[in-house]
Amino acid sequence: MPRARATVRDIAAETGVSIATVSRVLNQAGNVAPQTRDLVEQVVERLGRRAPGPRGGQPKPVAGAVYVRCPYVLTDYFGLIVSSIAETLERHGRRLVLDAGEAAQHTEALARLTGGQGLAGAILILPPEPGDELVQLRARRFPFVVVDPRTTLPPDIPSVSAAHFAGARKVTAHLVDLGHTRIGVIAGPREWLASDARMGGHAAACADGGILPDAELVRYVEPTTEQGYRAAGQLLDLPQRPTALVAFNDKAAVGAMQAAVERGLRIPHELSIAGFDDIDLSRATSPLLTTVRQPLQEMGRMAVSLLTRLLDRHEVEALHVELATELIIRGSTAPPN
């Protein structure tokens, strides 16, 4: 027989706080001490009561600003996502509280997030925090959405990302179709979810073309121009160098182009190079860079849409959204000589 649904009075009696205080916690209102809020939420969890909406009507949306955390420099990639989030929040009538810049990586921001700060929810972009901290934030019932998660998330944490596996498969298949069989990969950090997915896509395309995997042709690096340059140099100095390189992003691909030019290799006649993201940089190279377009602005818009539905107390069936990528073929790839 199902357990009887706990009432606000039951929760107040269990916690020793007033009915008014319990109601404020259940309705995500402010003016509640963090310790009191935690106590009430723990009892709610134990007694199995879901936070109610207001009597006699639709659930009341959660009021407050949206905290957007992007602990990176707001250049092309992150800047496009953040600007899209800001514009979409404005259309929804939500105020934005932005926490950006690399210095933000060294703060314990997630541990301090509560509804009592005038915040309704949060959007976390490529959060560097370990997964346990995200799980703890979810346990505190603070609404948030992750954009481009670094690691695999539990099923109940909403997220938005690009189709990394499919995108990597498309670009490698393009190179295989051109006739390349030795394809070097400048991958992202091993522990990143996107790196794992893209390596899977690369391996699938190689398998489709009957090409065996070769660990000698893979370098895992931070996706910067400098690291792309170094990794490409190592790959191009192999006794049997690759005839094509696939980089984790456009910045690493530009670094690879520099390494190729220094070695007197003509692109794409003697070496094909492809990137990922399709940021403005990919259209400023010579030749123009073949790449995979990520829907960065749509990722920002979708994150706001997901969070808004959570704050409006609407049921969300698809918590993990993957947006399609598109192969953009330009002048940096060609058949091998």
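These legends describe close-up views of a predicted model. Residues are numbered from 1 along each chain as its sequence is written, and side-chain values use heavy atoms, with hydrogens and water left out. Because the model is predicted, local features need pLDDT of at least 70 and side-chain atom pairs count only at pLDDT 80 or more, while totals for chains, interfaces and linings use all residues.

**View 1. The protein chain as a whole.** The secondary structure of the protein chain comes to 10 helices and 12 strands; helices (H or I, at least four residues) and strands (E, at least two) are DSSP runs, numbered from the N terminus. Of its 337 residues, 50% count as buried. Buried means under 20% relative accessible area, exposed over 50%, and partly exposed in between, with a 1.4 Å probe and protein chains only. Contact means heavy atoms within 4.5 Å. Among contacts between residues at least 6 apart in sequence, 72% join residues at least 24 apart.

**View 2. The largest nonpolar core.** This core has 33 residues, and those with the most contacts inside it are Ile81, Ile85, Ile123, Ile125, Val160 and Met299. A nonpolar core is a set of buried Ala, Val, Leu, Ile, Met, Phe, Trp, Tyr and Cys residues joined through side-chain atoms within 4.5 Å. At least two residues each come from S1 (65-70), H4 (76-91), S3 (119-125), S4 (144-147), S5 (159-162), H10 (296-311) and S11 (320-323). The largest share, 7 residues, is supplied by H10. In soluble globular proteins, nonpolar side chains tend to be buried together.

**View 3. Ser161 in strand S5.** Ser161 lies in S5 and counts as buried, at 12% relative accessibility. Leaving aside neighbours within four places in sequence, Ser161 is in contact with Asp148, Pro149, Met299, Val321, Glu322 and Leu323.

**View 4. Leu110 in a loop.** Leu110 lies between S2 (96-100) and S3. The relative accessible area of Leu110 is 2%, so this residue is buried. Residues up to four places away in sequence not being counted, Leu110 touches Arg69, Leu124, Glu129, Glu133, Leu134, Leu137 and Arg140. Pro127 is 17 residues from Leu110 along the chain, and their C-alpha atoms are separated by 9.8 Å.

**View 5. Helices H6 and H7.** The axes of H6 (residues 164-178) and H7 (residues 193-208) come within 7 Å and cross at roughly 35°. Axes are lines fitted to C-alpha atoms, for helices over the stretch in contact, and angles run from 0 to 180 degrees between N-to-C directions. Residues of H6 in this contact include Phe165, Ala168 and Val176, and those of H7 include Ala197, Gly201 and Cys206. Cys206 is buried, at 8% relative accessibility.

**View 6. Two cis peptide bonds.** The bond from Ile267 to Pro268 is cis, with omega near 5°, and Pro268 is in the loop between H9 (250-262) and S9 (272-274). The bond from Ser286 to Pro287 is also cis, with omega near 0°; Pro287 is in the loop between S9 and S10 (291-293).

**View 7. Two residues with positive phi.** Most residues other than glycine have a negative phi, and most peptide bonds are trans. Arg141, in the loop between H5 (131-139) and S4, has a positive phi near 65° and is partly exposed, with a relative accessible area of 30%. Asp277, in the loop between S9 and S10, has a positive phi near 125° and is buried, with a relative accessible area of 6%.
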